[in-house]
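Dear colleague,

Please find the structure below, handed over for your use.

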Amino acid sequence: MLSSTKNLLLVAGLAAAASAPAAVAGEVQPATHDGVPTSLFLEGTVRDFLASHADFESYPGTYNKPAAVLDDEGKPMLDLAYYDLVRGSRSQSVHSPASFGQWWRDDESEQISKTLKHTIELEQINGSGVYRFARENSNQFFPIDGKGWGTTPNPEDGQSLRYQRGGVHNYHFTYEVSTIFTYTDPRSRDLDGDGRKGEQFKNVNNPGDALFFQFTGDDDVFVFINGQLVVDLGGVHQSQSAGVNVDDEASRLGLVYNGNYELKLFFAERHTSQSNFKIETSIQLATDSSAHYD
Ligand SMILES: [Ca+2]
């Protein structure tokens, strides 16, 4: 029994190696370690806004609730009941459902926003099966310094900003990443490579073999799996953390073993002077090229 199990594992390993996608000319192929990628490269879309946009710099310290599902175009939308509840109050975090919609849509006129591509690299931490991309503290997330509308403040903004600490950067942008992943049977996984399968999640530093995704940063962050909200760090705020254990949520999200699903992340940097952005995940995410874009 033991030897046949071992043979099956060997065959499975060979099959996994043989099914690795062939290299495409000009395409970056990630290095692998024991058949597991050492880095995940995720291509995303940055949309650069001016501080004078109705939702940028104008609404610090507040919150608006996103709807629990993506809209027909695969973009976040506001929970309209909550929006109506806080409308006109100091709790309001966005000007309108329409202005919020602009965060995630290309503006061909380039009067409202400018669209740029930006790829992030999540590196595996010491063979743990956990991938991390961290721009925080003294090394914050400013992917479009010197690009788009340029640094902040900008004479075109037509207003002075309340805060300008931590150097001169291009603030006031959103970042959208569309990825795909395969949801596997937890009992079949040994993500941390310790020879024991299906170990449960304890924390980010000891995730066992669970599929988890955690974000830490500011400002707004929304994560959707299979079109449904799983992380909501909406509003202008200091760095905060939130995450999802996909195994715990699989039933609610409608995930079945060996199915391919989208994980979409939407981030907004709305307010100087911080831009913290950290992803930690055990999910082998890949850029969803079918989701590019509008
Ligand atoms: Ca394990």
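The phi of N126 is near 50°, a positive value in a residue other than glycine. N126 sits in the loop between strand 4 (113-124) and strand 5 (131-135); strands are DSSP runs of E, at least two residues in length, numbered from the N terminus.

H172 also has a positive phi, near 65°, and is likewise not glycine. This residue is buried, with 30 other C-beta atoms within 10 Å, and lies in the loop between strand 5 and strand 6 (173-183).

A cis peptide bond, with omega near 0°, leads from D218 to D219. D219 belongs to the loop between strand 7 (212-217) and strand 8 (221-225). For context, most residues other than glycine have a negative phi, and most peptide bonds are trans.

Residues are numbered from 1 along each chain as its sequence is written. The model is predicted: local features need pLDDT of at least 70, side-chain atom pairs count only at pLDDT 80 or more, and totals for chains, interfaces and linings use all residues.

The protein chain averages a pLDDT (the predictor's confidence in each residue, from 0 to 100) of 83, and 80% of the residues score at least 70. Over residues 1-27 the pLDDT is below 50. Where pLDDT is low, the predicted coordinates should not be read in detail.

Yours sincerely

Note on methods
Contact = placed C-beta atoms within 7 Å. Helix = DSSP H or I, 4+ residues; strand = E, 2+ residues; numbered from the N terminus. Buried ≥ 20, exposed ≤ 12 C-beta atoms within 10 Å, placed from the backbone.
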